[in-house]
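Morning, everyone. I have one structure to go through today, and I will keep it short. Please put it up on the screen.

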Amino acid sequence: MTDRTKWANSEDGSFKRQASTFRDTISPSHSVFKPAKGRYWLYVSLACPWAHRTLITRALKGLTSVIGVSVVHWHMDTQGWRFLPYEESTKGEYKSPYGFSGVPGETHSNPTSGIRNDSVRPGVDGTIDHNYHYKRISELYYKANPDYSARFTVPVLWDLETQTIVNNESSEIIRIFNSGVFDEFADPKVEPIDLLPSDLESQIDEINSWVYDNVNNGVYKSGFAESQEVYEKQVSNVFEHVQKLENILRVNYERAVDKYGEKDAASKLFLLNEQLTEADVRLYPTIVRFDPVYVQHFKCNLSTVRGGFKHLDLWLRNLYWNNDAFHETTNFDHIKLHYTRSHPRVNPLGITPLGPDPVILPF
Ligand SMILES: N[C@@H](CCC(=O)N[C@@H](CS)C(=O)NCC(=O)O)C(=O)O
């Protein structure tokens, strides 16, 4: 039985993330999982950075009316993620083009003193499970496999036809969405984009691999470290690699200034080739959480992004303010409340810091 209160799961006090178990794909040649509109469903948390990348990709690929979404409550308790109760939520449930509501784009810190962990504001604290009216994500895992014995993680890509999990590994879910199998159903108003062009694939894989280990997962290894030595090693490693990202973006920015002028350069600022790719999509959920959460909650406080990494901050603000797929999927209330209220070992009193204010600087 997994001890849900303890994150560091190795003898030296370091955090190891479990491997995902459902690893299938969707394609016309697959014997079971064939592309179709309305057949697949995404279960996410708006707080979770791994789920966030699937929501961004779903939006960028114009799939918001092709793949439905249910959102778990921001508070994760000892039994894991839960949905809003069906009875209380059905009446008022608010739907946005992104499949959920909430307060996307809220940029000022909201006082959270009146919000309890059992708050039930339909479409704000989360949604119901639209398909089965389940109470918890764990019920989906048991429906897919009654003998399931690992953690009940989000995101989950669910098949409504065979009623099972297709895939619960975010890096693979975003590749399924990007692969083109749903292109014929995509919203024609959304400009087509390939996040993994073949000429950039090896560079994208290279960036992804060190960003995953040292930045995306690095902040968790720092925050869930259970010894001073492990923490110090991990936090230094995070900042070494954030600096590496800053160096890449500085060079790219200077090149863009030469080419497009100061006014337009930031809008061309991406990790690779002046073009938005999967590498940006995978980095964004970590960087947008950095100043509001990881600096204090995970003790990644050698610097803030805004205070120490000018070009990384510019890259972040450009994505947040100038691209709906990023802006509309970023919910700072879920992000801040989830971390600060769901990890009693890290923050026993569950006090949510008020700042930073604004959560993200204007562009
Ligand atoms: N490898 C997974 C990791 C997902 C993951 O760790 N999700 C966390 C939330 S940020 C979760 O659901 N944790 C619940 C738990 O461990 O009980 C992916 O990238 O999809």
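How many bridges join β1 to strand β3, and do the two run parallel or antiparallel? There are four bridges, and the strands run antiparallel. Before I go on, note that this is a predicted model. For orientation, β3 covers residues 156-159, and β1 covers residues 40-44.

Now the pairing with β2, residues 68-71. Four bridges join β1 to this strand, and here the two run parallel. Leu42 stands opposite Val69 of β2. To get from β1 to β2, the chain passes through helix α1, residues 49-60, in a right-handed β-α-β crossover.

What about the side chains of β1? In a regular strand, side chains alternate between the two faces of the sheet. In β1, Tyr40, Leu42 and Val44 point one way, while Trp41 and Tyr43 point the other way. Both sets are buried, so that five of the five residues in the strand are covered in this sense.

Last item: a histidine. His338 sits in helix α13, which spans residues 332-342. Is His338 buried or exposed? Its relative accessibility is 6%, and the cut-off for buried is under 20%, so His338 counts as buried. Its side chain reaches the backbone oxygen of Trp74 at 2.9 Å. Setting aside neighbours within four places in sequence, the residues in contact with His338 include Trp74, Ala47, Met76 and Trp81. Asp333 and His343 are also in contact with His338.

Notes
Residues are numbered from 1 along each chain as its sequence is written. This is a predicted model: local features need pLDDT of at least 70, side-chain atom pairs count only at pLDDT 80 or more; totals for chains, interfaces and linings use all residues. Side-chain values use heavy atoms; hydrogens and water are left out. Buried means under 20% relative accessible area, exposed over 50%, partly exposed in between (1.4 Å probe, protein chains only). Two strands pair if DSSP finds at least two bridges between them. A crossover is right-handed if, with the strands pointing away from the viewer, the path from the first strand over the helix to the second runs clockwise. A polar contact is a pair of N or O atoms within 3.5 Å; within protein, one must be able to donate a hydrogen and the other to accept it, and residues adjacent in sequence count only if both atoms are side-chain atoms. Contact means heavy atoms within 4.5 Å.
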